[in-house]
Amino acid sequence: MFHKLADSTASFFLDSIKEKQLEKSVIVYGLEVLISSTVNIIIALVISILFHNFIEVIIFLLFYCPMRQYTGGYHAKNYGLCTLVFTFMILTINTLDFVGFFDWNMRLISVAMMVYSIFIIMRFAPIMNENKILSKEEVIVYKKRARLLLGLDCMIIFILQLFGKAQISKYQVIALSCVSLLLVFEKMKGE
């Protein structure tokens, strides 16, 4: 579905461009990623509204998306499966929060999740896959950016915790934990 929409959109744009310097496949791929990402974000926001967690899911996305871009990790075989996995992840997080799973002893859970996330991201990121092959130079750049984002995220989480804003920082910790889990899944898949 995403491919057909991206392909027809690329054809439309290429027909209107006199010089066809860009390959259609590059445009189609970029549009597929854009459409898929937009669909995933819309689904996440709809779920957040249903669970009355709109601000929390926005916070999750603000920390999850940039970190995921530089760490790599598990990628589904197609966009439909990607949307299904992402939807399942958002539903699981919201359901666990709804039933109060993250409320009991949140500080202890946050610390454990942070230590786990820091270790996994520092140890494995970035992880390449067939969809994202990086040169040696790109690996160095992605590693630095992932670590910089991780440091910034940890600092923000620490400051929020220090000022008693654990409810806000909770979704930041969950975002880092999800990124870490996807790194582990891809690492296990590759071995």
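Helices are DSSP runs of H or I with at least four residues, strands are runs of E with at least two, and both are numbered from the N terminus. The model is predicted, so local features need pLDDT of at least 70 and side-chain atom pairs pLDDT 80 or more, while totals for chains, interfaces and linings use all residues. Residues are numbered from 1 along each chain as its sequence is written, and side-chain values use heavy atoms, with hydrogens and water left out.

**Exercise 1.** Work out which helix gives the most to the lining of the largest pocket.

Step 1: list the helices. α2 (24-50), α3 (54-71) and α4 (79-98) each bring at least two lining residues.

**Exercise 2.** Sort the lining of the second largest pocket by residue class.

Step 1: learn the classes. Ala, Val, Leu, Ile, Met, Phe, Trp, Tyr, Cys and Pro are nonpolar; Asp, Glu, Lys and Arg are charged; the others, Gly among them, are polar.

Step 2: sort. You get 15 nonpolar, 2 polar and no charged residues.

**Exercise 3.** Decide whether T71 and R123 are buried or exposed.

Step 1: take the cut-offs. Buried is under 20% relative accessible area, exposed is over 50%, and partly exposed is in between (1.4 Å probe, protein chains only).

Step 2: check T71, which sits in helix α3. T71 has a relative accessible area of 0%, so it's buried.

Step 3: look at who T71 touches. Contact means heavy atoms within 4.5 Å. Leaving out residues up to four places away in sequence, T71 touches I121, A125, P126, I127, A146, V179 and L183.

Step 4: check R123, found in helix α5. Its value is 52%, so R123 is exposed.

**Exercise 4.** Find how many disulfides the model has.

Step 1: recall the idea. A disulfide is a covalent bond between the sulfur atoms of two cysteines.

Step 2: apply the rule, a pair of cysteine sulfur atoms within 2.5 Å. The count is 0 disulfides.

Step 3: C154 is buried at 19%, and C178 is buried at 9%.
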